Amino acid sequence: MINFYKNLGFHIPVSGGIEKIFKIAEELNINNMQIFTSSNIRWSFQEKINILTLNKFNENRKKFGDSKIFSHGCYLTNLASDNLDLRKKSEKSLIAEIKRCEILNIQGIVFHPGSNTDKRKGMANISQSLRIINEETGLKVKLFLENSAAQGNTIPSTVEELAE
């Protein structure tokens, strides 16, 4: 019999420590998960992971077996903004997230690109920021732009905007 839930994933809390996500996933009988590698509501520019946490994470991951892990970026990220300071903070935060994911061998990052009252300008800002991030990191971790179901001025809010 195929275990349907092994093909599903959930957003797993890391409040007890990132190294404990595998126990939660095992209890839920899943092997795919999404986590935050840092606060989702505060800026985090820390690129490193505590060595003890990293060792325990890797040890637990080996015991757990085949798993796909994705990170979710900070909710403050706004690569679409015309506010240069906010955009630079967003770039710096996403670069740090990429570096943490590389250390943890996490496959990708799901994030909301941001919002702008001028969608065309916002999409151009996102594109420019992603080029800067690529130059800085080489993008060894996949980035997944999450749409926001046509909420206000968020980008992308439609599949068509995502394609652009």
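Let me start with Ser90: at 0% relative accessibility, Ser90 counts as buried. Buried here means under 20% relative accessible area, exposed means over 50%, and partly exposed is in between, with a 1.4 Å probe and protein chains only.

A word on the source. This is a predicted model, where local features need pLDDT of at least 70 and side-chain atom pairs count only at pLDDT 80 or more, while totals for chains, interfaces and linings use all residues. Residues are numbered from 1 along each chain as its sequence is written, and side-chain values use heavy atoms, with hydrogens and water left out.

Back to Ser90. Where does Ser90 lie? In helix 3. Helices (H or I, at least four residues) and strands (E, at least two) are DSSP runs, numbered from the N terminus. The Ser90 side chain makes a polar contact, reaching the backbone nitrogen of Asn78 at 2.7 Å. A polar contact is a pair of N or O atoms within 3.5 Å; within protein, one must be able to donate a hydrogen and the other to accept it, and residues adjacent in sequence count only if both atoms are side-chain atoms. Setting aside residues up to four places away in sequence, Ser90 touches Trp43, Leu76, Thr77, Asn78 and Leu79. Contact means heavy atoms within 4.5 Å.

Asn125 sits in helix 4, residues 119-137. Is Asn125 buried or exposed? Buried, because its relative accessibility is 2%. Its side chain reaches the backbone oxygen of Ser81 at 3.0 Å. Beyond neighbours within four places in sequence, Asn125 contacts Leu79, Ala80, Ser81, Asp82, Arg87 and Asn116.

Next, the sheet. Two strands pair if DSSP finds at least two bridges between them. What is the strand order? The order is 1-2-3-4-6, in an open sheet of five strands with parallel pairing. Strand 1 (9-11) and strand 6 (142-145) are the edges, each pairing on one side only. From one strand to the next, the twist averages 25 degrees. Axes are lines fitted to C-alpha atoms, for helices over the stretch in contact, and angles run from 0 to 180 degrees between N-to-C directions.

Strand 4, residues 108-111, pairs with strand 6 in the parallel sense over four bridges.

Then helix 1, residues 21-28. Helix 1 lies across strand 1, strand 2 (32-35) and strand 3 (68-72). Helix 1 runs at about 135 degrees to strand 2.

On to the core. A nonpolar core is a set of buried Ala, Val, Leu, Ile, Met, Phe, Trp, Tyr and Cys residues joined through side-chain atoms within 4.5 Å. The largest one has 29 residues, and Ile21, Met33, Ile69 and Ile109 have the most contacts inside it. Two or more residues each come from helix 1, strand 2, helix 2 (51-64), helix 3 (84-104), strand 4 and helix 4. Helix 3 gives the largest share, five residues. Take Ile69: leaving out residues up to four places away in sequence, Ile69 touches Ile21, Phe22, Met33, Ile35, Phe57, Arg61, Ile106, Gln107 and Gly108.

Cysteines, quickly. Cys74 is buried, at a relative accessible area of 8%. Cys101 is buried too, at 0% relative accessibility.

Last, two backbone details. Most residues other than glycine have a negative phi. Asn29 has a positive phi, near 60 degrees. Asn29 is in the loop between helix 1 and strand 2, and is partly exposed at 31% relative accessibility. Asn105 also has a positive phi, about 55 degrees, although it is not a glycine. Asn105 is in the loop between helix 3 and strand 4. Asn105 counts as exposed because its relative accessibility is 54%. Asn105 and Phe70 are 35 residues apart in sequence, and 9.5 Å apart in space, C-alpha to C-alpha.
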